[in-house]
Amino acid sequence: MFVGRARELAELESARRRYSALGLPHKLANAEKELADAYLELNLLPEAADLYSRATSTFERLGMRAELGWSETFHARALLLMGRADSARERLAAARVVFAAEDNRVGAAMVTLAEAELLLLAGDSGEAANAAERAEQLLADAGTPGRLLLARWL
C-alpha cells in the first residue's frame with residue numbers, strides 16, 4: 001500500500017514540476033493544491049501548509065475563486081493541526097468570504113465544520129457542537145455523505 005502511495009506522490013510532484021517548467025500557473029496551482037491535499041492526509045503538515053500558501057496566492061492572483069476557497073479551507077485545516085489556531089481562523093474567514101460570494105453552500109459548510117474543530121480544540125465543546133450541527137444540516141441538504149459523516153462524528 002505504501003509503495004502505491006509513494007508512486008502517487010511522485011506522480012503529483014512530477015506533474016507540479018512539468019506545469020512549472022511549462023509556465024502554466026493555473027495548472028501549477030492546481031497540482032500544488034492536490035499535492036498539499038495528499039500531504040495533509042498523510043499528516044505532513046508543514047509541507048501541506050507551504051503548498052497551500054503558494055496555490056492560494058496563485059488562485060487569488062488569477063481570480064480562480066472556487067479553487068481559492070477550497071485552498072484556503074484546507075490550508076486552515078493544516079494550520080489548525082499544526083496548533084496555529086489564529087492563522088487557521090484567518091484562512092477560514094477568507095474562505096467564508098469567497099464561498100459566500102460564490103453561493104457555495106458545501107464550501108460554507110466545510111468552513112463551519114473546520115470552525116467547529118477550532119472550537120473543540122479551544123475547549124468550547126458546546127459551541128463546537130452547535131457549529132457541527134449547522135454544518136451537518138448544510139451537508140445533508142447538499143447530499144455529501146462522506147462530509148456529512150465527518151460532521152456527525154465531530
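Which crossing does α5 make as it passes α6, left-handed or right-handed? The views below start there. This is a predicted model, in which local features need pLDDT of at least 70, side-chain atom pairs count only at pLDDT 80 or more, and totals for chains, interfaces and linings use all residues. Residues are numbered from 1 along each chain as its sequence is written, and side-chain values use heavy atoms, with hydrogens and water left out.

**View 1. Helix α5 (residues 85-102) beside α6.** The crossing of α5 past α6 is left-handed, meaning that the near helix is turned anticlockwise from the far one by less than a right angle. Helices here are DSSP runs (H or I, at least four residues), numbered from the N terminus. Their axes come within 9 Å and cross at roughly 160°; axes are lines fitted to C-alpha atoms over the stretch in contact, and angles run from 0 to 180 degrees between N-to-C directions. The two helices are therefore roughly antiparallel, a term for angles over 145 degrees. Contact means heavy atoms within 4.5 Å, and among the residues making this one are Leu92 and Phe99 of α5 and Val111 and Leu118 of α6.

**View 2. α6 beside helix α7 (residues 125-142).** Here the axes come within 8 Å, again crossing at roughly 160°, so α6 and α7 are roughly antiparallel. α6 passes α7 in a left-handed crossing. Residues in the contact include Met110 and Leu113 of α6, together with Ala131 and Leu138 of α7. By class, the contact has 14 nonpolar, two polar and two charged residues. Ala, Val, Leu, Ile, Met, Phe, Trp, Tyr, Cys and Pro count as nonpolar, Asp, Glu, Lys and Arg as charged, and the others, Gly among them, as polar.

**View 3. α7 beside helix α8 (residues 145-153).** These helices pack at about 160° with axes 9 Å apart, and the crossing is left-handed. On the α7 side are Ala132, Ala135, Glu136, Leu139 and Ala140, which meet Arg147, Leu148, Ala151 and Arg152 of α8.

**View 4. The largest pocket, with about 170 Å³ of space.** On a 1 Å grid over the protein atoms alone, a pocket is an open set of points where a 1.4 Å probe fits, with protein on both sides within 12 Å along at least five of seven lines; lining residues have an atom within 4 Å of a point. Its volume is the space filled by probe spheres set on the points, which are joined across faces, edges and corners. α6 gives the most to the lining, four residues. Seven lining residues are nonpolar, one is polar and four are charged; Asp37, Tyr52 and Arg77 are among them.

Conventions. Parallel < 35°, antiparallel > 145°, perpendicular 65-115°, else oblique.
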